[in-house]
Amino acid sequence: MFEYFSKHFDMLMEAFLEHLGIVFSTLLISITLAAIICWFLLKSERATNIVVNVFSEVYSIPSLALFALLIPLLGLGNKTAIPVLVLYNQYLLIRNFMTGMQNVDKSILEAGTGMGMSKWQLVTRVQLPLAMPSIIAGIRLAIISTTGIATIAATINAGGLGKILLSGLRTMNTYKIIWGTILCVIIALVADTILRLLEKKTKAYNTHLQTSWLLNKRCSFE
Amino acid sequence: MTAVEFKHISKQFKNSAYPALNDVSVSIEEGEFVTILGSSGCGKTTMIKMINRLYESDSGDIFLFGRNIRDEDPVQLRRRIGYVIQQVGLFPHMTVAANIAIIPKILKWDKARIKDETDRMLRLVQLDPDEFRDRYPAQLSGGQQQRIGLARALISSPRIMLLDEPFGAIDAINREMLQNELKAIHESSKRTYLFVTHDIREALKLGTKVIIMNEGRILQYATPNEIVENPADDFVRNLLSTAELKGGA
Ligand SMILES: Nc1ncnc2c1ncn2[C@@H]1O[C@H](COP(=O)(O)OP(=O)(O)OP(=O)(O)O)[C@@H](O)[C@H]1O
Ligand SMILES: [Mg+2]
């Protein structure tokens, strides 16, 4: 098995990097898009519910069907794959972004507004930092989901690790299937771990666990 | 000069049986310390929030230092008004010092001035700057949080301060101390204070004038002495008698 890996290293690496590329560009576009949509949703909780519901319906469409539907419009390859992946991500991202923003205590926002902070200042200095754990959780889920769904994009010639999996299936090549899967899992796992750490860090930073204070206190007694 | 003037202000919230404010007209002179007294739900907070346009009135006009607040940009208007909200509302992810300095930072005061003023404000509300500056709100008692809320509003020495039950969570002894402190700050600054409370003795002690409210209306606006000696109606008389029952002051 490792022999297969070293023999086909170039091919596997190429697919791996292609896959990373798809996931990365999808993420970049979808986070930007979700951020813009969220900015407009901040005004209204009702509009937020509607938009989240619509994207949750989209999220439940099988990806193969959505890819197939968009081929006549956008053609084969990345041109179709990335918009579809971006569309899928919107549900996870917007839901988590908005939950984080809406969970910020209303009295905190009222204090900020009442003191004369503009909407932009309030969002960037207060709401975003407090919503950060939930935002990062959304991004983490989006990476995992994109990594998975992107393999299906190989059916429309978008490349990536799906290409390896697909040809492995066609030729009944077990090594190909195993290595394709392992590399997929690596992307998801690494991203998951890094973002979980970040999530934990922002959470601790936001709640300022009493323990750190107690520790300081104890030091000052000595 | 007139600091705040309400002209026939009414406000009814949706899904509410009676108006939160019902044709309120009042004129408050600059330099007064006006306490606003009334039972829960009578419209005290609503009245305060009209002035910094957190709420907009259904009808009527409010003039602040002679200018109709409707003609002003709400953000600029609010920066000229000190505001302490009932629920304190400190920013949990910022230190005490950062909380106090939030508006000075937005207004781009220089660093040294921000530091000096922040420390001065902490001492003003009787908290040792070295001990409290770098703490987070979660590391403060309820009363300490309220004092930071007060310091945050005072730092830009606004011409008018709106204080919505700023001493609600403070014990009797510290409350007494802070009341005296606030009274002294007011007297030395000659700013206009609007101070909401539902503690009648606090209202009579602090106010140079007292507004007594019930069900969205102002029943009496007079000096503490006049109110005690000449209650406007039975409601005010009852209110005074409950205070005597409790305190024996
Ligand atoms: N944002 C709002 N939406 C709907 N109704 C409101 C809102 N704010 C206040 N009210 C209603 O308006 C009335 C006056 O409320 P307000 O908050 O001004 O009372 P208050 O005198 O400050 O009371 P308390 O002493 O309990 O703080 C109440 O009946 C309240 O339920
Ligand atoms: Mg109130």
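**Talking through the model**

Mentor: Let's start with A:Gly114, which sits in helix H6 (residues 106-115) of chain A, where helices (H or I, at least four residues) and strands (E, at least two) are DSSP runs numbered from the N terminus. This is a predicted model, in which local features need pLDDT of at least 70 and side-chain atom pairs count only at pLDDT 80 or more, while totals for chains, interfaces and linings use all residues. Residues are numbered from 1 along each chain as its sequence is written, chains are lettered from A and ligands numbered from 1 in the order in which they are written, and side-chain values use heavy atoms, with hydrogens and water left out.

Trainee: Is A:Gly114 buried or exposed?

Mentor: A:Gly114 counts as buried because its relative accessibility is 0%; buried means under 20% relative accessible area, exposed over 50%, and partly exposed in between (1.4 Å probe, protein chains only).

Trainee: And what is A:Gly114 in contact with, beyond its sequence neighbours?

Mentor: Leaving aside neighbours within four places in sequence, A:Gly114 is in contact with B:Asn52, B:Leu54, B:Arg78 and B:Tyr83, contact meaning heavy atoms within 4.5 Å.

Trainee: How many residues of each chain are in contact across that interface?

Mentor: On the chain B side there are 25 residues, and they are in contact with 24 residues of chain A. The two chains bury about 2200 Å² between them, 63% of it on carbon and sulfur atoms, where buried area is the accessible area (1.4 Å probe) that two parts lose on being put together, summed over both. In chain B, the residues losing the most area to chain A are B:Phe91, B:His93 and B:Gln139, which together make up 26% of what that side buries.

Trainee: How many salt bridges cross between chain B and chain A?

Mentor: The rule finds one salt bridge across that interface, a salt bridge being a side-chain nitrogen of Lys or Arg within 4 Å of a carboxyl oxygen of Asp or Glu. The side chains that meet in a salt bridge are those of A:Glu110 and B:Lys49, at 2.6 Å from N to O. Helix H2 (74-79) and helix H4 (102-106) of chain B each supply at least two residues of the side of chain B that touches chain A.

Trainee: Where does B:Lys49 sit, buried or exposed?

Mentor: B:Lys49 is one of the buried residues of H1(B). Seven of the eight residues of helix H1 (residues 44-51) of chain B are buried, so this helix is largely enclosed by the rest of the structure. H1(B) is followed by B:Arg53, whose phi is positive, near 60 degrees. B:Arg53 also forms a salt bridge with B:Glu56, with the closest N and O atoms 3.0 Å apart; B:Arg53 is buried at a relative accessible area of 14%, whereas B:Glu56 is partly exposed at 35%.

Trainee: Switching to chain A, what does A:His19 touch?

Mentor: A:His19 lies in helix H2 (residues 9-41) of chain A and counts as buried at 0% relative accessibility. Not counting residues up to four places away in sequence, A:His19 touches several residues, including A:Thr147, A:Gly160, A:Leu161 and A:Cys184. A polar atom of the A:His19 side chain lies 3.1 Å from the backbone nitrogen of A:Leu161.

Trainee: What about A:Glu18, what does its side chain meet?

Mentor: The side chain of A:Glu18 meets that of A:Lys163 in a salt bridge (3.3 Å, N to O). A:Lys163 lies in helix H8 (residues 161-171) of chain A and A:Glu18 in helix H2 of chain A, so the pair ties together parts that are 145 residues apart in sequence. A:Lys163 is partly exposed, with a relative accessible area of 36%, and A:Glu18 is partly exposed too, at 29% relative accessibility.

Trainee: How many salt bridges are there over all chains?

Mentor: A search of the whole structure finds 20 salt bridges over all chains. One of these joins the side chains of B:Arg120 and B:Glu117 (3.2 Å, N to O), which are three residues apart in helix H5 (residues 111-124) of chain B and so separated by about one helical turn. Salt bridges that share partners also join A:Arg140, A:Asp192, A:Arg196 and A:Glu199 into one network.

Terms used. A polar contact is a pair of N or O atoms within 3.5 Å; within protein, one must be able to donate a hydrogen and the other to accept it, and residues adjacent in sequence count only if both atoms are side-chain atoms.
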